Amino acid sequence: MTDTIELLKHTLLFRGIEASDLIELLQNNSIMTKEYPAEQILVTAGEICRSLQVVLKGSVRGEMLDASGKILKIEDISPGRPLAVAFLFGAKNYYPVSITTNEPTLMAVISRELVLTMMQQNVRFLVNYLNAVSNRAQFLSDKLSFLSFRSIKSKLANYILNLNQVNEWVVLPVPHSVLANLFGVARPSLSRALREMHNARVLEVNGKMVKIVDRQRLVNYLNE
């Protein structure tokens, strides 16, 4: 239990709660921990969310299938973050995406009843939970806005402009393969779009380094 509490202290939901307070919260309620190997499916989209799961070690990814059956990666979830925090309560409390481990992963599993108890007993936990739900709502809103862009070039334009609103140079934070998964397109298609934008002198692309050559023409891609 001591090791679990030490790990929980560094998670988003338990941040700012003293170890002594955390021990008191959990003294009559144990939190289950589970270890999973890499590429293990934890939940599939549509399953009922019966408990709160928090990544303690390792990482997982959220994915969904589009209408054509193609897997669309939504995001990676790193240590300290909860899964489906906005779907633990409500009339339709189903996991919206499938969750798979990227690497060997340790998860904390907290019953919905214990979550309610901790909300009532500790204001900091309640505030952390509400902040987590609000952040997820904002993330989903941004994701829907992003998916509304139809062409690869419009997605690239939106992504690059959000990375840099002022300077010419942008450093892509992820490899092109990860970016292709994020956009829900094939890697060659992404590379072709980047090459065409480079040849059109809209961008200057050199690996992860991207220079915005013509910002106005890049903005125009948003309307494609």
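How many salt bridges does the count come to? The count comes to 8 salt bridges, a salt bridge being a side-chain nitrogen of Lys or Arg within 4 Å of a carboxyl oxygen of Asp or Glu. The model is predicted: local features need pLDDT of at least 70, side-chain atom pairs count only at pLDDT 80 or more, and totals for chains, interfaces and linings use all residues. Residues are numbered from 1 along each chain as its sequence is written, and side-chain values use heavy atoms, with hydrogens and water left out.

The protein chain holds 8 helices and 11 strands. Helices (H or I, at least four residues) and strands (E, at least two) are DSSP runs, numbered from the N terminus. The C-alpha trace spans about 65 × 35 × 30 Å along its principal axes. Of the 224 residues, 41% are buried. Buried means under 20% relative accessible area, exposed over 50%, and partly exposed in between (1.4 Å probe, protein chains only). The accessible surface of the chain is about 12300 Å². Carbon and sulfur atoms account for 51% of this surface. Areas come from the Shrake-Rupley method with a 1.4 Å probe; for residues, only the protein chains shown count as cover. Among contacts with a separation of 6 or more, 70% involve residues 24 or more positions apart. A contact means heavy atoms within 4.5 Å.

Axes are lines fitted to C-alpha atoms, for helices over the stretch in contact, and angles run from 0 to 180 degrees between N-to-C directions. Two strands pair if DSSP finds at least two bridges between them. Strands of a sheet pair through backbone hydrogen bonds, either parallel or antiparallel.

Strand 2 is joined to strand 7 (residues 98–101) by 2 bridges. In this pairing I41 stands opposite T100. Strand 7 is joined to strand 4 by 4 bridges. Here T100 is the bridge partner of R61. Strand 4 (residues 60–65) is joined to strand 5 by 6 bridges. On that side R61 stands opposite D76.

R61 also takes part in a network of salt bridges with E39 and E63. Side chains of opposite charge can pair when their charged atoms come close. In the E39 to R61 salt bridge, the closest N and O atoms are 2.8 Å apart. This pair links distant parts of the chain, 22 residues apart: E39 is in the loop between strand 1 and strand 2, and R61 is in strand 4. Strand 1 covers 32–36. The phi of E39 is near 65°, a positive value in a residue other than glycine. R61 forms a salt bridge with E63 as well, again with the closest N and O atoms 2.8 Å apart. R61 counts as buried because its relative accessible area is 13%. E63 is buried too, at 17%.

D76 has its own salt bridge, to K73, at 2.7 Å from N to O. D76 is partly exposed, with 36% relative accessibility. K73 is buried at 15%.

A second open sheet has 3 strands in the order 9-11-10, and its pairing is antiparallel. Strand 9 and strand 10 (203–206) are the edge strands, each pairing on one side only. The twist averages 20° from one strand to the next. Strand 10 and strand 11 (residues 209–212) are joined by 4 bridges. L203 has I212 in strand 11 as its bridge partner. Helix 5 (residues 152–163) lies across strand 9, strand 10 and strand 11. The helix runs at about 100° to strand 9.

R201 is in the loop between helix 7 (187–199) and strand 10. Its phi is near 60°, a positive value in a residue other than glycine. R201 is partly exposed, at 44% relative accessible area.

W169, V171 and M209 form a nonpolar surface patch with about 280 Å² of accessible area together. Patches are made of residues with over 30% relative accessible area and no salt bridge: like charges are joined within 9 Å, nonpolar side chains (Val, Leu, Ile, Met, Phe, Trp, Tyr) within 5 Å. V171 lies in strand 9 (residues 169–171). V171 counts as exposed because its relative accessibility is 52%.
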